[in-house]
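The points can be read with the model open alongside.

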Amino acid sequence: MNDLKKFRNIGIAAHIDAGKTTVTERILFYTGVSHKIGEVHKGETVMDWMEQERERGITITAAAITCFWKDYQINIIDTPGHVDFTIEVERSLRILDGVVAVFSGVDGVQPQSETVWRQANRYHVPRIIFVNKLDRVGADYFEVIDDVNTRLRGNAIAMQIPVGKSEDFKAIIDVLSNKMATFSEENMGANVVWHDVPGEYADRVKELRIKIIEAAGNIDEGLADKFLNEEPISSEEIKLAVRKGVLLQKITPAFCGTAFKNKGVQLLLDAVLDYLPSPLDLPAVQAKTMDGAGIVEVRPDPNAPFYGLVSKIMSDPFVGVLSFVRVYSGTLKAGSYIYNARTGEKERVSRIVRMHSNKREEIDEVSAGDIVALVGARETITGDTLCEKEHMALLEAIVIPEPVIDASVEPKNKADYEKMVLALRKMMQEDPTFRFSYNEETGQTVISGMGELHLEVIVDRLRTEQKVEVVQGKLQVAYKETIQKSVEAEGKLVKQSGGRGQYGHVWIKLDPLERGAGYKFVDKIVGGSVPREFIPGIQKGLLEALTAGVLGGYPVVDCQVVLFDGSYHDVDSSEIAFKVAASMAFKNAMSKASPVLLEPIMEVVVETPEEYMGEVIGDLNSRRGRILNMEAYVDKQEIKAEVPLGEMFGYVTALRSMTKGRASSSMEFKCYREVPRNVQESVISNNAVAKKL
């Protein structure tokens with residue numbers, strides 16, 4: 001299929017437990033991809049194929065699948081709802097054209113819904129809404145729409161009316177066509193039967209139609225004029241104006257149903273075709289030339305130069321490494337060569353596969369607008385741009401958050417150590433928010449991730465997929481170190497006792513940078529006081545010194561090193577000598593530059609019944625939390641706070657206990673901030689004790 005108008009690249013995104021995966025499973029059933037509906041609670045789903053996903057009933061990795069509906073090709077990515085796997089949502093939104101935001105009809109907007117909505121705003125992704133679980137007691141479609149408009153400023157408008165409430169929810173009225181749809185019980189809702197609208201709903205349909213026209217009239221002046229002049233307006237005209245509003249992200253059409261009871265999903269598929277964009281509807285993607293000075297406009301043209309963005313890496317036991325790629329322009333054939341713009345290296349694409357969750361279908365070529373997986377691109381990582389050698393340019397990379405939590409792991413059987421390291425390396429390639437390192441002081445392998453659940457899943461995968469039994473140490477906060485003032489320092493290595501010696505001598509200036517700036521190196525050597533061939537050695541020495549600061553051996557961030565002087569020996573100087581000298585200079589400088597400890601601060605959102613509000617706020621304050629905002633909703637209070645991660649271990653259990661299980665919370669990394677002096681002393685002394693043990 002090459003008609004780009006008939007392509008839809010969409011994601012299903014929402015808060016955990018809103019029913020994303022259940023919605024996707026119904027889509028696969030109704031589009032003929034699967035012949036049996038998989039249920040999350042039975043661990044039978046197509047999209048949640050990992051053992052850990054099926055055990056926990058949650059989505060961990062974003063699964064991609066292709067299906068067809070009414071001659072349209074729909075590439076779907078089902079994303080996780082848990083904040084620990086937020087990178088899966090982030091990298092999916094980066095390559096998608098549209099999103100179906102799923103909300104629970106009972107719970108409405110929840111903390112992670114806000115995170116997903118913000119991420120979609122960041123990437124300017126048009127979206128429609130599906131209010132799910134309308135068969136549940138307390139579900140209210142119109143209340144959820146109000147909630148979206150109040151809390152997310154979503155400009156949501158109701159396109160449908162549910163008929164019946166809770167257990168009696170039985171049909172859906174389509175406002176624009178003025179028809180009512182029912183869904184046959186005997187074939188899992190596959191047959192949709194259309195009826196006239198019952199008389200008691202006639203006024204409500206008219207009222208909502210006017211609201212839709214008013215919203216669309218703000219986008220389309222011609223439609224507004226027709227409405228004001230009381231001229232007839234066709235449903236098709238309204239749809240086109242609403243679609244324009246969706247593309248501009250000024251209108252969010254809302255649809256309803258219950259995926260679990262097989263109602264409303266086919267109408268949602270129709271809405272995806274009607275309102276979400278094809279690759280042709282979106283502005284050209286911008287890529288930067290390799291020197292960073294120019295811009296290349298990348299348009300969805302199969303005959304243009306090839307550009308693709310790697311959104312994900314996955315290890316497959318049968319074919320090796322799979323690189324998931326969104327193709328923005330051009331055409332790529334299986335067996336051809338492509339270049340990685342980041343490394344400049346040539347990669348051979350041995351096979352191209354269309355993914356159906358963890359199953360594959362081989363295809364001969366892929367062209368603009370599609371999402372596929374490539375086999376054979378060995379050196380690619382998430383965020384890489386694949387292109388032709390003559391048209392090298394870099395597409396905007398994916399934002400990858402830093403890990404905030406650490407734990408040590410060691411295999412129960414020492415003979416499994418190599419196997420464990422290989423498995424961790426593979427997982428690090430797949431998941432850019434996961435890191436692991438070897439701590440030479442303690443002799444431990446340390447894994448780092450986005451939260452307790454993230455690391456728990458990593459350890460579980462080691463046991464189940466790699467058959468490596470490991471012992472996990474206590475969870476630790478990923479502290480960092482930085483400096484507060486500018487200093488100059490010398491580093492000098494002189495070993496000249498007969499024979500070939502070692503001589504390296506540097507002067508550096510160490511400056512603090514603003515929070516989040518990372519590390520910068522500036523070479524200000526003039527007059528050859530340090531020969532050019534030794535500069536790479538100096539940079540290596542500095543980078544090594546950055547991995548362990550002087551306070552507690554934590555990584556050093558947000559500083560600039562200026563190399564401004566030094567000296568060398570004609571015979572005894574070497575790259576190694578300058579590497580050691582640079583490391584010595586950095587340690588000397590840092591100890592004089594008022595070093596401080598930084599800790600990860602989390603944005604915590606708690607939803608609680610009002611009667612427990614005082615207790616919840618008191619508990620957050622006792623955890624060094626700072627309350628940012630409190631808002632009252634129909635039956636709950638929402639509290640937003642900033643709390644250091646170090647104070648949040650075991651918080652979910654404590655919250656359940658103090659609210660009799662009626663409150664919920666979500667936590668997302670916000671920034672690194674300086675640790676109070678008394679806490680810093682405690683952290684450093686505890687770290688020293690741990691190292692001795």
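**Notes on the model**

1. Apart from neighbours within four places in sequence, Gly330 is in contact (heavy atoms within 4.5 Å) with Asp301, Pro302, Ala304, Pro305, Phe306, Val366, Ser367 and Ala368. This is a predicted model, in which local features need pLDDT of at least 70 and side-chain atom pairs count only at pLDDT 80 or more, while totals for chains, interfaces and linings use all residues. Residues are numbered from 1 along each chain as its sequence is written, and side-chain values use heavy atoms, with hydrogens and water left out.

2. Where does Gly330 lie in the chain? Gly330 is in the loop between β15 (320–329) and β16 (331–333); strands here are DSSP runs of E with at least two residues, helices are runs of H or I with at least four, and both are numbered from the N terminus. The relative accessible area of Gly330 is 0%, so the residue is buried (buried means under 20%, exposed over 50%, partly exposed in between, with a 1.4 Å probe and protein chains only). Gly369 is 39 residues from Gly330 in sequence, and the C-alpha atoms of the two are 9.2 Å apart.

3. An open sheet is formed by four strands in the order β31-β32-β34-β33, with mixed pairing; two strands pair if DSSP finds at least two bridges between them. β31 (487–495) and β33 (519–523) are at the edges with a single partner strand each, so one side of each has no neighbour in the sheet. From one strand to the next the twist averages 25°. β31 and β32 (residues 502–512) run antiparallel and are joined by nine bridges; Val487 has Leu510 as its bridge partner in β32.

4. Helix α12 (residues 535–546) packs on this sheet and touches β32, β33 and β34 (559–567). The direction of α12 makes about 155° with that of β33. Axes are lines fitted to C-alpha atoms, for helices over the stretch in contact, and angles run from 0 to 180 degrees between N-to-C directions.

5. How many aromatic pairs are there? The count is eight, where rings of Phe, Tyr and Trp (its six-membered ring) pair if their centres lie within 6.5 Å; planes under 30 degrees apart are stacked, over 60 edge-to-face and the rest tilted. The ring centres of Trp507 and Phe564 are 6.4 Å apart with planes at 40°, so this pair is tilted. Trp507 belongs to strand β32 and Phe564 to strand β34, 57 residues apart, and the pair thus links distant parts of the chain. Both residues are partly exposed: Trp507 has a relative accessible area of 27%, and Phe564 has 29%.

6. Two charged side chains sit over rings, meaning that NZ of Lys or CZ of Arg is within 6 Å of the ring centre and within 35 degrees of the ring normal. The charged end of Arg127 is over the ring of Trp117, 4.6 Å from its centre. For Lys346, the ring is that of Tyr337 and the distance to its centre is 4.7 Å.

7. The axes of helix α8 (residues 235–247) and helix α9 (residues 265–275) come within 9 Å and cross at roughly 80°. Lys239, Val242, Arg243, Val246 and Leu247 in α8 meet Leu273, Asp274 and Tyr275 in α9.
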